[in-house]
Amino acid sequence: VRSYRLAEAEWHLNVALARGGGADLTVATYDGSLVSVLGGADVDGDGADELWARTGQGASATIIGLARLVGCDLVRVTAPGGEPAELPVGGSVGTASGVECDAQVDPTADLTTYTATNLGDDRYEVRATEHALDGTVLVERGTHTSEATIGDSTFGRASTFSCDGLSL
């Protein structure tokens, strides 16, 4: 698995297949960001790894995306509307975002995205949104909200990326 760039904003993810051949996916970037492979992880528990990649950056966040092999094609995982699922990880003074390949509430969910919003001092409201990977679409399954403080495990999940041994 590798990433490479052909032109200023034309990045690719490429997978060499064990039985020969390969699959290639063009990943559009908007601000000259680099695309880099984070690694593979079995997000949905089907026995096949999905591919995580760094696909962009913000002022204080990394944007990550997900792709999976469908037949002989590498396909970008999307939101229900068809746009690429781009998930922020990191934070700023008042908010933080995270992604974890685990779910606490819905047994059909495969991963959770987090948004932590500062309530004052070191207290944060953490909104956890659970998602299922349905083919190549990331489908929302439910949300729950809790409170956290800087340094506790809930805030840690709300500001980092963790998936089957991969992390940021």
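The model is predicted, so to speak of local features we need pLDDT of at least 70, side-chain atom pairs count only at pLDDT 80 or more, and totals for chains, interfaces and linings use all residues. Residues are numbered from 1 along each chain as its sequence is written, and side-chain values use heavy atoms, with hydrogens and water left out.

Let's start with the sheet. Three strands form an open sheet in the order E1-E2-E3, with antiparallel pairing. Strands here are DSSP runs of E with at least two residues, helices are runs of H or I with at least four, and both are numbered from the N terminus. Two strands pair if DSSP finds at least two bridges between them. Strands E1 (2-7) and E3 (22-28) are at the edges with a single partner strand each, so one side of each has no neighbour in the sheet. E1 and E2 (residues 10-16) run antiparallel and are joined by five bridges. Across that pairing, Arg5 stands opposite Trp11 in E2.

Now, which residues line the largest pocket? They are Val1, Val15, Ala16, Leu17, Gly40, Asp49, Glu50, Leu51, Ala67, Arg68, Leu69 and Leu74. For the method: on a 1 Å grid over the protein atoms alone, a pocket is an open set of points with protein on both sides within 12 Å along at least five of seven lines, and lining residues have an atom within 4 Å of a point. E2, strand E5 (50-57) and strand E6 (61-70) each give two or more residues to this lining, and E6 gives the most, with three. By type, the lining has eight nonpolar residues, one polar and three charged; Ala, Val, Leu, Ile, Met, Phe, Trp, Tyr, Cys and Pro count as nonpolar, Asp, Glu, Lys and Arg as charged, and the others, Gly among them, as polar.

On to the rings. The structure holds two aromatic pairs, meaning Phe, Tyr or Trp rings (the six-membered one for Trp) with centres within 6.5 Å; planes under 30 degrees apart are stacked, over 60 edge-to-face, and the rest tilted. In one of them, Tyr124 and Phe155 have ring centres 4.8 Å apart and planes at 50°, so this pair is tilted. Tyr124 is in strand E11 (residues 123-134) and Phe155 in helix H1 (residues 153-157), 31 residues apart.

Buried or exposed, what is Tyr124? At 6% relative accessibility it is buried, and Phe155 is buried too, at 13%. Buried means under 20% relative accessible area, exposed over 50%, and partly exposed in between, with a 1.4 Å probe and protein chains only.

Last, Gly58 sits in the loop between E5 and E6 and is partly exposed at 40%.

Terms used. On a 1 Å grid over the protein atoms alone, a cavity is a set of points where a 1.4 Å probe fits but cannot get out, and a pocket is an open set with protein on both sides within 12 Å along at least five of seven lines; lining residues have an atom within 4 Å of a point.
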